[in-house]
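Subject: Handover of a structure with notes

Dear colleague,

Please find below the structure that I am passing on to you. My notes on it follow directly after it.

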2 protein chains.
Amino acid sequence: MTAPAFDMPIGEAMRTQRAIRRLTTDPVSDELVRELIALATKAPTAQNHQAWEFIVVRDPEVKAKLARLNRRVWRLVDKPVAWLNRKDPKFVRTHRATAHQADNFEDIPVLIVCCMTATRRAPSPVVAASSYGSIFPAVQNLLLAARAVGLGANLTTMPLTINFAARRALGIPWKVTPVCIVPLGWPTGKYGPTTRRPVGEITSIDRYGNRAWLDAEGG
Amino acid sequence: MTAPAFDMPIGEAMRTQRAIRRLTTDPVSDELVRELIALATKAPTAQNHQAWEFIVVRDPEVKAKLARLNRRVWRLVDKPVAWLNRKDPKFVRTHRATAHQADNFEDIPVLIVCCMTATRRAPSPVVAASSYGSIFPAVQNLLLAARAVGLGANLTTMPLTINFAARRALGIPWKVTPVCIVPLGWPTGKYGPTTRRPVGEITSIDRYGNRAWLDAEGG
């Protein structure tokens, strides 16, 4: 077994990570998927509970079911969301890629369904933060590791919106909560640096609203 | 400005990331904190909303207030949690480190409070996943970037448990939701590889419960 080295500098991986929704149908090996999940599980969890499970979906039948659910939700949100953001060219590009993914969902080589296994009875915002804070760091590791080996990936919750049907398609028992899906495949396009709001705009010093770093940026 | 390179191989950063709760009082520069937040914001968000804010806390008065809140919660959970896990030596080590952090919370050089700015009115599990899935990938980038430059860090929600008081200490308005805190400083100890449950045990193939990969591990 020759595992990939995952030797891309971490700064480069983070700075060039982006959602890739146009994928080829070239196969993605089990070995690689395994390595990605192994790195995902290196992420922290509350009290190191590691209360997660992953479902690796390649079966055309299961993928077709999730593709149908995904399209049902997409049809509901597609038009209104497109209209609301019609003047944002960046959004329009993303929207087109999301439409492409919806149209071709069954052709995605691998879907990784990320689940939480700890059920909490009294959800409060702090408990929710602790639960979701014990799965999304792992998902981010998965996405970064995928980027580091040049795989296309993105994070979507859309196919899980019709939750009961999605659970049935995947045979997920009630004690397990599917949280999101990471579609994986080799990209047709390229990765490249992303842009974000300046740090000074979204950072306060000591107390909320003290934008001391905004001036330092000449803002 | 000579920014750190963040050139640690991504696999190494992930494999050696761990919660570091014993910190020196040596200063952590604004420049470095800024870089960490810049990398945090490279993480994905739902529809690229970037609905986050960060509060960088160094003010001894604000830190002291959060330290008191943290200890109030710690005193409630300390004994019962320790008793429940008394036979797990790994847990005992973590527990001691958490106690150390609680005792010395005001001496942590920098606290980064990570917040969501999008308020959603009707929280369902899928909406919650989309909200928390738009902040915790950023938090994980922050933790990995800290690890890559040798800073000690961990993810904690404990000081935010008494939510109203924590909000008041930080001056956070109701439209903003503090999600977690990342304490940052130079470690007194060392980073090293972590261990996790084998991938085959937590991975299903195509449908939940099909442990086809378990055999491949000779399990």
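Predicted model: local features only at pLDDT ≥ 70, side-chain atom pairs only at ≥ 80, totals over all residues.

Residues are numbered from 1 along each chain as its sequence is written, and chains are lettered from A and ligands numbered from 1 in the order in which they are written.

Domains of chain A

The domain assignment divides chain A into domain 1 (10–188) and domain 2 (193–219); such bounds come from an automatic or database domain assignment. Taken over C-alpha atoms, the centres of domain 1 of chain A and domain 2 of chain A are separated by 30 Å.

Helix α3 of chain A

Helices (H or I, at least four residues) and strands (E, at least two) are DSSP runs, numbered from the N terminus. Helix α3 of chain A (residues 60–84) has 25 residues and spans 35 Å from its first C-alpha to its last, close to the 36 Å expected at 1.5 Å a residue. The expected span is 1.5 Å times one less than the number of residues in the helix. At Asp78(A), α3(A) bends by about 35 degrees, and the proline Pro80(A) follows within four residues. The bend at a residue is the angle between axes fitted to the seven residues ending there and the seven starting there.

The buried residues of this helix are Lys63(A), Leu66(A), Ala67(A), Leu69(A) and Asn70(A). A residue is buried if 20 or more other C-beta atoms lie within 10 Å of its own, exposed if 12 or fewer, and partly exposed in between, with C-beta atoms placed from the backbone. The buried residues of α3(A) pack against β1 (52–57), α4 (89–103), β2 (110–116) and α7 (163–170) of chain A.

A sheet with a strand from chain B

One open sheet has five strands in the order β3(A)-β4(A)-β2(A)-β1(A)-β5(B), with mixed pairing. At its edges stand β3 (152–153) of chain A and β5 (203–205) of chain B, each with a single partner strand, so one side of each has no neighbour in the sheet. Two strands pair if DSSP finds at least two bridges between them.

Within this sheet, β2(A) pairs with β4 of chain A (residues 177–185) in the antiparallel sense over seven bridges; Cys115(A) has Pro178(A) as its bridge partner in β4(A). β1(A) and β2(A) run antiparallel and are joined by six bridges, with Trp52(A) opposite Met116(A). β1(A) and β5(B) run parallel and are joined by three bridges, and Phe54(A) has Thr203(B) as its bridge partner there.

Because six of the six residues of β1(A) are buried, this strand is largely enclosed by the rest of the structure. Trp52(A), Phe54(A) and Val56(A) point one way from β1(A), and Glu53(A), Ile55(A) and Val57(A) point the other way.

A sheet with a strand from chain A

Another open sheet of five strands has the order β5(A)-β1(B)-β2(B)-β4(B)-β3(B), again with mixed pairing. Its edge strands are β5 of chain A and β3 (152–153) of chain B, each pairing on one side only.

β1(B) and β2(B) run antiparallel and are joined by six bridges; Phe54(B) has Cys114(B) as its bridge partner. β2 (residues 110–116) and β4 (residues 177–185) of chain B pair in the antiparallel sense over seven bridges, in which Val110(B) stands opposite Leu184(B) and Ile112(B) opposite Val182(B).

β2(B) is mostly covered, with seven of its seven residues buried. Met116(B) lies in this strand and counts as buried because it has 23 C-beta neighbours inside 10 Å. Leaving aside neighbours within four places in sequence, Met116(B) is in contact with Ala51(B), Trp52(B), Ser131(B), Ile135(B), Thr177(B) and Val179(B). Two residues are in contact if their C-beta atoms, placed from the backbone, lie within 7 Å.

Contact between the chains

In total, 73 residues of chain B are in contact with 74 residues of chain A. Helix α6 of chain B (residues 136–148) gives the largest share of the chain B side, nine residues. By class, that side has 43 nonpolar, 19 polar and eleven charged residues. Here Ala, Val, Leu, Ile, Met, Phe, Trp, Tyr, Cys and Pro count as nonpolar, Asp, Glu, Lys and Arg as charged, and the others, Gly among them, as polar.

With kind regards
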